[in-house]
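This briefing is meant to be read beside the structure.

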Amino acid sequence: MTLTVVGVRHHSPACARLVEERLRELRPRLVLVEGPADMNERLSELGLAHRLPLAIFTFYQSAGRYHASWTPFCEYSPEWVALRTAREIGAEVRFMDLPAWSEAFDGVHNRYADDERRYERALERLCHHFGAEGMDALWDHLFEQPLELGALSARLELYFAGVRAVCAPVSRDALREDYMARCLAWAVRQGDVVAVCGGFHKPALERLHPEADGSEWPDFPAAEADAKHGSYLVPYSFKRLDSFVGYESGMPSPEYYQAVWERGPEQAAQAMLEQATRRLRRKKQLVSTADLISAATMAQGLARLRGHCALSRCDLLDGFASAVLKTAQTAIFPWNQRGKLPPGTDPVLVEVVAALSGQRRGTLSPETPRPPLLLAAREELTSLELWPDGPPRNVHLKLTDPSDLLRSRTLHRVRLLRIPGFERLSGPVYGTDPVLEEQWSLRSAFEAESSLIEASAYGATLDTAASAQLEERIAGSLDVLELSALLAEATFIGIDRLSARLLGELGALLGREPELGKLGKAQGRLLALYRHDTLLGSQGSPALGRALEAAFERGLWLFEGITGPTAAADAALIGAVLALRDSVRFTAEHLNLDASGAAATMQRKLADAHTPPALRGAALGYLWSLGAFDDHAAREAIATAALRKAALPTTLGDFLAGLFALGREEVVTEAESALLGTLDELLGGMTLEDFLIALPALRMAHAYFPPRERERIAERVLVLHGKGGERARAFLRLSADADTLSAARLLETRVDDLERRFGLGPEAGTEGDD
């Protein structure tokens, strides 16, 4: 019983040919391939009539961890060739690596990606020695040229042993290699074995497997108990394989290497030259026959200079660039580095690189098992004419139309599940917004299928999956503002889809919120939905009602505990009192709110000198706006007394801010009352210095009034001073902004003080003349 380990570079045509030759030559009993062992019971799915490329998509979701990754295959992937050839020769085949959701793959989104950074120092020395620019050029120079397979195998052996010698393995390597070694130890007990793995792992597996426990096929570590995970086959694309697009990839230019696999390296370059030319001409780029002859000549010359017996990818690209580009290039050519094309890349090079990347997309056999959500989503979206199977288009929806509202709910469920290709361009942000239409953009997105597979962990239909994901997000949130925003999301998909248990937990969370400002903002959002959302159906929702009851009770408790006699006005706290007031004003008949207890709390806070001035004013506004006073005289007496208690320059404006925020209408309606006269008296009795101290807060307080109401107040003030009210509007317009005028007035006061101190000014000059 023998073991042969074939080390490969992922997505290398040369390595794929070597794998196929070794398997047909050795005809082993077992073939083990570096791949996810959790797919071993479903390997038959890979043998269906697919059109490559394809990938195994794996997702993993738990309370503390999220991961999604791909294991991609194309026709020239050595691992795919091993699977196909093993079936053809009648060998048993298994994957021998840890599942992609294992912690060993944290941060790895493509199992077969090159980890070029770990080899950087070794590759730099090799590239310098062979005169190659970058890893891909080096690889093509050493391995993708026509070679006898024995010579290729010897080169690969030397190359991978050298890389392993200078690149220390990391912790994930140890976890994976331990598991793969145990798989190999079991396999060699069954018969002859060929193992196909990344070349970096080959030396370690050959060393470790004799000492590994091979008594049984090893189990991989179990997933966490609360985890949702799964693996499914999905179509893949050359775009996703290509490193030029920015994805993790084994090799660049997959269309070129597909041609190498199908035609051999001798003919691949000519085929790609023709393909690049056709693409450039379709893009209206001028490429003459003379340019093509020049490009071919330059490429052949570069190949001979570099010792190539067949044109390599870099020979072709360098020759083409030399012949076709008409201006000097200051940037490095994109094929001499990894990653996305840099900004400013010549448009001709962009199109040439795209031609070598290719547009191929895989398709799966109709017999491939698919999660129910994938089929249900496509069927529902197609029935509503929302499946993006053609060119990009926009969809306009009128939310007052029941059929369009149904389409909107479906699109929002797709959006909530983060399925690519469905983007809302405009529409209401909140259920109470006065916007009755939506605009959506639909486009075909290749990633939509894998996203739907990932979302299938939540349910078998768009309705159940979106509701379950929203419930999970709500249940995991400890922030009431985030919760209120998520509830707003629920209105777009149908708030009745949320479970009673979850909404009970929401009420409990609101009942524990420690910050009144945040609670008040959340309460205001929920109240708006409860009162006004007739469009999306959450108006009067019992679930929202219970949440409002919990928020009201908690808000009163928090409000009573706030102290700070000199604390500045806090708009969030004032807003929280406003939310308490509006809850009583608009929902007391329908909800279980302690309105009398709330009024008693407000009376206590109004009388408490340790309460912040703005909240004392808010308490007065609360009581006034809800008609808590017995009569007009009692109201005036309480209001003027509270105003005089807050008459310091540092507190007056804050007190008025709270009062005006909640009692604005009452103040304007009763502008003839004693309150306005008292305020005029207090302001008139201030020194200029005190007035300038009070002014910023006074301005903030009066900002609660719209212009027409400010004009009415100005009219009343003019009347108090024996002036005609018809000039009030002129006092609402300033020759400069208020800050500039305040600063100027303060400067004038300081100058007057200096003049008096040093005997300067007009008065001093008059005395001297006398």
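**Salt bridges and other features**

Arg664 has a relative accessible area of 22%, which makes this residue partly exposed. Its salt-bridge partner is Glu665, at an N to O distance of 4.0 Å. Glu665 is also partly exposed, at 45% relative accessibility. The model is predicted, and it holds 30 salt bridges.

**Salt bridges**

- Arg24 and Glu20 both lie in helix α1, four residues apart, a separation of about one helical turn.
- In an α-helix there are 3.6 residues a turn, so residues three or four places apart point the same way.
- Arg24 is partly exposed at 35% relative accessibility, whereas Glu20 is buried at 18%.
- Asp136 and Arg9 form another salt bridge, with 2.9 Å between the closest N and O atoms.
- Asp136 belongs to helix α4 and Arg9 to the loop between β1 and α1, so this pair ties together parts 127 residues apart in sequence.
- Asp136 is buried, with a relative accessible area of 6%, and Arg9 is buried as well, at 4%.

**Cavities**

- The whole structure has four cavities of 30 Å³ or more.
- The largest cavity holds about 70 Å³ of space.
- Its lining includes Leu656, Phe660, His702 and Ile713, and α26 and α27 each supply at least two of the lining residues.
- Eight residues of this lining are nonpolar, one is polar and none is charged.
- The second largest cavity holds about 60 Å³.
- Helices α4 and α9 each give two or more residues to the lining of the second largest cavity, and α9 has the largest share, three residues.
- Among the residues lining the second largest cavity are Asp140, Glu144, Tyr256 and Arg313.
- By class, the lining of the second largest cavity has five nonpolar, two polar and three charged residues.

**A covered helix and a surface patch**

- Helix α16 spans residues 448-455, and seven of its eight residues are buried.
- The buried residues of α16 include Ala448, Leu452, Ile453 and Glu454.
- Leu754, Phe758 and Leu760 make a nonpolar surface patch of about 330 Å².
- Leu760 sits in the loop between α30 and α31.
- Leu760 counts as exposed because its relative accessible area is 55%, and exposed means over 50%.

Technical notes
Residues are numbered from 1 along each chain as its sequence is written. This is a predicted model: local features need pLDDT of at least 70, side-chain atom pairs count only at pLDDT 80 or more; totals for chains, interfaces and linings use all residues. Side-chain values use heavy atoms; hydrogens and water are left out. Buried means under 20% relative accessible area, exposed over 50%, partly exposed in between (1.4 Å probe, protein chains only). On a 1 Å grid over the protein atoms alone, a cavity is a set of points where a 1.4 Å probe fits but cannot get out, and a pocket is an open set with protein on both sides within 12 Å along at least five of seven lines; lining residues have an atom within 4 Å of a point. Grid points are joined across faces, edges and corners, and a volume is the space filled by probe spheres set on the points. Ala, Val, Leu, Ile, Met, Phe, Trp, Tyr, Cys and Pro count as nonpolar, Asp, Glu, Lys and Arg as charged, and the others, Gly among them, as polar. Patches are made of residues with over 30% relative accessible area and no salt bridge: like charges are joined within 9 Å, nonpolar side chains (Val, Leu, Ile, Met, Phe, Trp, Tyr) within 5 Å. Accessible areas come from the Shrake-Rupley method with a 1.4 Å probe; for residues, only the protein chains shown count as cover. A salt bridge is a side-chain nitrogen of Lys or Arg within 4 Å of a carboxyl oxygen of Asp or Glu.
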